[in-house]
Amino acid sequence: MTDSTPYAVTLAEDITRRLGQLTEYLAQAPPRQAAQILGKVLDCDDGVLGQVTALLATGSHFAKHHARAGTFPPEVWLALGRASNELHDIGLDLDEHLADIERLAAPPAAAGATTAKPVASDMVVRRRR
């Protein structure tokens, strides 16, 4: 007997399962590997967050068409659009920290490599006499 489940539904189920596996890997990963995983996930253009945002935007356009035709409640369209917009904004907020995550994901500097000079800080420490 053949599976009558459409390919796209099977694909969505597989992606969901694999995201669960990725979550488990992230929970157990050492810091550098966790940063590598997060860097790939949080990339607004090519990462999971960006692709989920695009998927919700596409879902919103689909729901808009069907809401105007009367086959979907308008609330579905609005909720998908709001979710897409919120994820986009969250992605922009997280994008500010992507450089720090990429720095953590980078391999340690080779021995003997020149290190950057320390940068002055606004923090002042007073010593007691």
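Helices (H or I, at least four residues) and strands (E, at least two) are DSSP runs, numbered from the N terminus. The model is predicted: local features need pLDDT of at least 70 and side-chain atom pairs count only at pLDDT 80 or more, while totals for chains, interfaces and linings use all residues. Residues are numbered from 1 along each chain as its sequence is written, and side-chain values use heavy atoms, with hydrogens and water left out.

**The whole chain**

Begin with a cartoon of the protein chain, which shows five helices and zero strands. Read from the N terminus, the order of elements is α-α-α-α-α. Of the 129 residues, 16% count as buried; here buried means under 20% relative accessible area, exposed over 50%, and partly exposed in between (1.4 Å probe, protein chains only).

Select Tyr7, which lies in helix α1. Tyr7 counts as exposed because its relative accessibility is 64%.

The structure holds two salt bridges, each defined as a side-chain nitrogen of Lys or Arg within 4 Å of a carboxyl oxygen of Asp or Glu. For one of them, display Arg17 and Asp14, whose closest N and O atoms are 2.4 Å apart. Arg17 and Asp14 are three residues apart in helix α1, so about one helical turn separates them. Arg17 is partly exposed at 45% relative accessibility, and Asp14 is partly exposed at 27%.

Next, select Arg103 and Asp100, whose side chains meet in a salt bridge at 3.8 Å, N to O. This pair is three residues apart in helix α5 (residues 98-105), and therefore about one helical turn lies between Arg103 and Asp100. Arg103 is exposed at 55% relative accessibility, whereas Asp100 is partly exposed at 39%.

**The largest pocket**

Which residues line the largest pocket? Select Ala12, Ile15, Leu19, Asp46, Gly47, Val48, Gln51, Val52 and Leu55. On a 1 Å grid over the protein atoms alone, a pocket is an open set of points where a 1.4 Å probe fits, with protein on both sides within 12 Å along at least five of seven lines; lining residues have an atom within 4 Å of a point. The volume of the largest pocket is about 250 Å³, a volume being the space filled by probe spheres set on the points, which are joined across faces, edges and corners.

Colour α1 (7-28) and α3 (48-69), each of which supplies at least two lining residues; the largest share, four residues, comes from α3.

**Contacts across the sequence**

Move to Ala99, found in helix α5 and exposed at 52% relative accessibility.

Finish at Gln33 in helix α2 (residues 31-42), a partly exposed residue with a relative accessible area of 40%. Gln33 and Pro107 are 74 residues apart in sequence and 9.8 Å apart in space, C-alpha to C-alpha.
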